[in-house]
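I opened my notebook to go through this model residue by residue. Here is what I looked up, in the order I looked.

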Amino acid sequence: MEEDAILQKSLKWLRDLSKGNISHELEALTLEGLQIVHAQRGSIRCNFVVPTRASDPDGNWHVGAMATLIDDVAAAAIYSVVDHVKLSLDFSISFYSTAKIQEEVEIEAKVIGEKGRLTQVVVEVTRKGNRELIALGKQWMGSDKKGMKPSQVSSKL
């Protein structure tokens with residue numbers, strides 16, 4: 001029962017981010033329309049239609065907007081395991097393809113390791129129709145305090 005409550009808190013946090021209830025405008029803009037389709041402890045899968053306002057000059061999904069979405073979905077997957085939000089310590093993304101505006105993509109985040117206060121997550125962004133890999137994010141997150149709550153995390157942006 002405790003694990004389910006933690007999972008539900010992490011999903012609420014991600015939904016609130018996407019609606020702009022607890023985030024900065026940048027996150028609300030880049031996550032708007034995010035749909036959670038499956039979640040379990042340590043794993044979250046979402047569908048997302050790339051919005052017009054997240055485009056680069058060529059009509060592709062802007063890599064900065066994609067990075068913000070990857071970071072937040074990764075944080076939600078970690079939250080579902082450790083019951084608090086951690087800070088990004090090491091974050092890398094490999095881009096394999098582009099996604100066009102109004103194209104539907106799938107985002108899947110999986111926690112793959114924990115060591116002390118560090119947690120590692122991998123996030124795949126794939127094209128919804130054929131599962132072609134668009135981007136692969138790898139991230140280590142950590143906290144200097146045990147039990148850091150989402151309201152205690154502030155961005156330097």
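**Entry 1: T30**

I began with the contacts of T30, where contact means heavy atoms within 4.5 Å. Setting aside neighbours within four places in sequence, I found T30 in contact with F48, A65, T68 and L69. A note on the source: this is a predicted model, in which local features need pLDDT of at least 70 and side-chain atom pairs count only at pLDDT 80 or more, while totals for chains, interfaces and linings use all residues. Residues are numbered from 1 along each chain as its sequence is written, and side-chain values use heavy atoms, with hydrogens and water left out.

T30 belongs to helix α2, residues 25-31. Helices (H or I, at least four residues) and strands (E, at least two) are DSSP runs, numbered from the N terminus. Is T30 buried or exposed? T30 counts as buried because its relative accessibility is 6%. The cut-offs I use are under 20% relative accessible area for buried, over 50% for exposed, and partly exposed in between (1.4 Å probe, protein chains only).

**Entry 2: E32**

Next I moved to E32, which sits in the loop between α2 and β1. With 37% relative accessibility, E32 counts as partly exposed. Beyond its neighbours within four places in sequence, E32 is in contact with S18, F48 and R53. I also checked E32 against L69: they are 37 residues apart in sequence, and their C-alpha atoms are 9.8 Å apart in space.

**Entry 3: the whole chain**

I stepped back to count elements, and the protein chain has 3 helices and 6 strands. Along the sequence they run α-α-β-β-α-β-β-β-β. Of the chain's 157 residues, 45% count as buried. Among contacts between residues at least 6 apart in sequence, 65% join residues at least 24 apart. The chain exposes about 8200 Å², and carbon and sulfur atoms supply 50% of that; the areas come from the Shrake-Rupley method with a 1.4 Å probe, and for residues only the protein chains shown count as cover.

**Entry 4: helix α1**

How many residues does α1 have? I read 18 residues, and a reach of 26 Å from first C-alpha to last, close to the 26 Å expected at 1.5 Å a residue. The expected span is 1.5 Å times one less than the number of residues in the helix. Buried residues in α1 are I6, L7, S10, L11, W13, L14, D16, L17 and S18. An α-helix has 3.6 residues a turn, so residues three or four places apart point the same way. The cover over the buried residues of α1 includes α2, β1 (35-40), β2 and α3.

**Entry 5: the core**

Of its 37 residues, L14, L34, W61, V105 and I107 touch the most other members. Two or more residues come from each of α1 (2-19), β2 (43-49), α3 (63-82), β4 (104-115), β5 and β6. Which element gives the most? I found α3 in that place, with 13 residues.

**Entry 6: the strands around β5**

I found 8 of the 10 residues of β5 buried, so the strand is mostly covered. Two strands pair if DSSP finds at least two bridges between them. β4 and β5 pair in the antiparallel sense over 10 bridges, and E108 stands opposite E124 in β5. Their hairpin has 2 residues between the strands, and G116 takes a positive phi near 60°.

β5 and β6 are also antiparallel, over 9 bridges, and V125 stands opposite A135 in β6. This hairpin has 5 residues between its strands, with R131 in the turn at a positive phi of about 65°.

**Entry 7: two asparagines**

N130 is in the loop between β5 (118-127) and β6 (133-142). The side chain of N130 reaches the backbone nitrogen of E132 at 2.9 Å.

N60 lies in the loop between β2 and α3, and N60 counts as buried because its relative accessibility is 11%. The side chain of N60 makes a polar contact with the side chain of K100 at 2.9 Å. A polar contact is a pair of N or O atoms within 3.5 Å; within protein, one must be able to donate a hydrogen and the other to accept it, and residues adjacent in sequence count only if both atoms are side-chain atoms.

Technical notes. Core = buried A, V, L, I, M, F, W, Y, C linked by side-chain atoms within 4.5 Å.
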